[in-house]
Amino acid sequence: MHKKACVAMLLAGGQGSRLGILTQKLAKPAVPFGGKYRIIDFPLSNCNNSGIDTVGVLTQYKPLALNSYIGIGSAWDLDRMNGGVFVLPPYVKEQGGEWYKGTADAICQNSNFIDRFNPETVLILSGDHIYKMDYSLMLEFHQKQQADATIAVIEVPLDEASRFGIMNTDNEQRVIDFEEKPAEPKSNLASMGIYIFSWPVLKKYLFEDEVNQNSTHDFGHDIIPKMLADKRNLRAYSFRGYWKDVGTVESYWQANMDLLGERPELNLYDSKWRIYSSNPPRPPHYTSTTAKITNSIIAEGCLILGEVENSVLFPDVYIGPGAKVKNSIIMSGAHIEDHVVTDKAIIGRKTVLKQGTVVAAKKLDGQQKIVVLDIDMIIPPHTTIEASLSCSPPEDALCKREE
Amino acid sequence: MIDLMGIINLNEAEEHVGELSRSRSLASIPFAGRYRLIDFVLSNMVNSEISNVGIFIQHKYRSLVDHLRSGKDWDLARKRDGLFVLPPAYTRTPMQVHRGDVENLYSNLDYIYQSRQKYVIIAGANIVSNMDYRVILEYHKNTEADITVLYTKANCGTHDCVRSNILGLGPEGRVLTISEFKDTGGYQNMSIDMFIMKKDLLIELINQCIARGDYDFVKHCIIKNVKKLKVYGYHHPGYAARISSLQSYFQHSMELLNPHIWKELFFKSGLIYTKVKDEAPAKYIHETEVTNSLIASGCYVEGKVENSILFRGVKVHKGAYIKNSVIMQKGNIGPGVILENVICDKDVHITANKQLKGEYSYPLVIKKGRVI
């Protein structure tokens, strides 16, 4: 095996429980996004575009959709002879097996995988952020600073800073202080959860952390503070650009809406930095003489006879005549029949809304909640839905029956 | 596993498609917003479980080879069988002027010999349809025919049947005559020039033709033998568009705006595959008016689009109005531009406020890469 300069490890095992129905049946990195993508497309495409061709994807929670999506990595050009993408689930060892206890533990349990490539550095990524980033620039920075660890940071509004891991740096971008979700943040430099470590250094810390009974085996909680305490050379790498943690239904919905408009901060149409994804073979979408589409994103294979406004439509969606879809995210294969109205809704894959159904929460003080409908549901005609609904087959009447 | 191999024989006359085929073969003419003509026959073969496809190419094949590459997008990049692109090899016919497709088949006879399948389907790339060849193979076996010819009921009053072959059918679908279309309108049994036969018979026909000095596969190998062999017609009941001229290209493009045809062609018995481009989904900005149109991925629409087809990555700026037109890949239609009955080839840029108009029966074609 050739020596690799950098191996990426993508943490994709998180449950993403705050996404509710969206992650009830699949892992968060596999959640569909932006009319075509899944969240994991962003870090994987960034890897390809940054020239990183070896990626380990650590999976754990409901991995079926994710594993089959990743496949051999050909969608991101990561089906390589030497390197490529590797799905790394927890496995049984001589002393028995266990789940990944934390982010650091997940890497530690796969140190043999990393060692195969004998890399100088390891890039740690998470599978739940929407952003475009050239990791090769961060790697250059890391090498130039001869850092032991480099942490990507982004400026966030100070009043939101307490939701993040916050860095304090000196004027040479040296990290002097790190606090996980501080009540009173000292700066607005938030960790993006993207780290580059020198592999020999990280390995030492991982093995020490592994035997520490008091550790939560987490990079932010344990490894970084320990390295700081040891006066290691930790640097903050500033990133400017769009970056969104889609941890909640609101932020997920907002991130989708952020794509609309004339000049969104995240440009998906840049041929120099493509976001790769699986490309289902679908024809161009059809808009009928009755269709009316404004400020929306529409994927291939859709058939549109009604009105679509400020919405994101995934492939194969049908919008019937007289239907009004507004401020909504409609997942692939959903069937919206005639005179259905949706407002601020997320409609799951292949769900059928029979004619005349209304899906929208009531406005309270000008605020409107997002309504999420599960996948494979069938909503009877003229139903009014004001709150999120999921279905659990086979008894549930709202679930589609096996055909 | 099906005992059938596919031969795509690219021998169609392309000069009648005019500008669109100037630098490409008919097979690689862009069609339906994201495809090239060859995608339809190739996808039908793959969807019919055919895993061995030989594409016999003649000339102007740069864009076709670029499109097909390893065949991976059609699931034909295989260790066993897969996609074979076969240009004329002159080893068997040294120093000879290349006159027709039989010579090309003959010069690549080794490939046909070595293929493991017992039956072969020979098709061109000029027919746009969605069909399952497995059904036709069954029919072929049941009739115990030597050759099965596929045909469609074409309305030659409204559609271009010029240079097509018309079948004269006897009882039970036996083909009695095959003759070139004479200027008579109405519904005709038009051959779509797809043939199923045993591989051994194909080899025999090729050898016979070469021995006689013949060179045209349909004319000399098939039509000359109609009386000698047991030839049956198979009626394809579904949609089949024959692209043989600029007019038929435009007419059949516009037919795709019928959702029934759209559904049948792209979903009926299998999906149509093509080279993937990783474009983002299409984007509509405020105040767009897009009706009765097909919009591919990567499009960015600000203007008005009516009865038109936009290929991948087309930009339509504010105030532009596109009517009854086909804009191919990466077209850039400037603000205030008005287009009617226009076909823009790839990478065309129409700058602000230009007005271009063709006739429905004679669309205006803008050459690839032109800036107007």
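How do the residues of the lining of the second largest pocket divide into nonpolar, polar and charged?

Analyst: The model is predicted, so local features need pLDDT of at least 70 and side-chain atom pairs count only at pLDDT 80 or more, while totals for chains, interfaces and linings use all residues. Residues are numbered from 1 along each chain as its sequence is written, chains are lettered from A in the order in which they are written, and side-chain values use heavy atoms, with hydrogens and water left out.

The lining of the second largest pocket divides into 16 nonpolar, 19 polar and 13 charged residues. In this scheme Ala, Val, Leu, Ile, Met, Phe, Trp, Tyr, Cys and Pro count as nonpolar, Asp, Glu, Lys and Arg as charged, and the others, Gly among them, as polar.

The space in this pocket is about 1,500 Å³. Here a pocket is an open set of points on a 1 Å grid over the protein atoms alone, where a 1.4 Å probe fits, with protein on both sides within 12 Å along at least five of seven lines; lining residues have an atom within 4 Å of a point. The volume is the space filled by probe spheres set on the points, which are joined across faces, edges and corners.

Of the 48 lining residues, A:Arg18, A:Ser126, A:Asp128, A:His129 and A:Asp245 are the closest to the centre of the second largest pocket. Several elements of chain A supply at least two lining residues each, including α3 (103-109), α7 (219-229) and β15 (243-245). The most comes from β13(A), with four residues. Helices (H or I, at least four residues) and strands (E, at least two) are DSSP runs, numbered from the N terminus.
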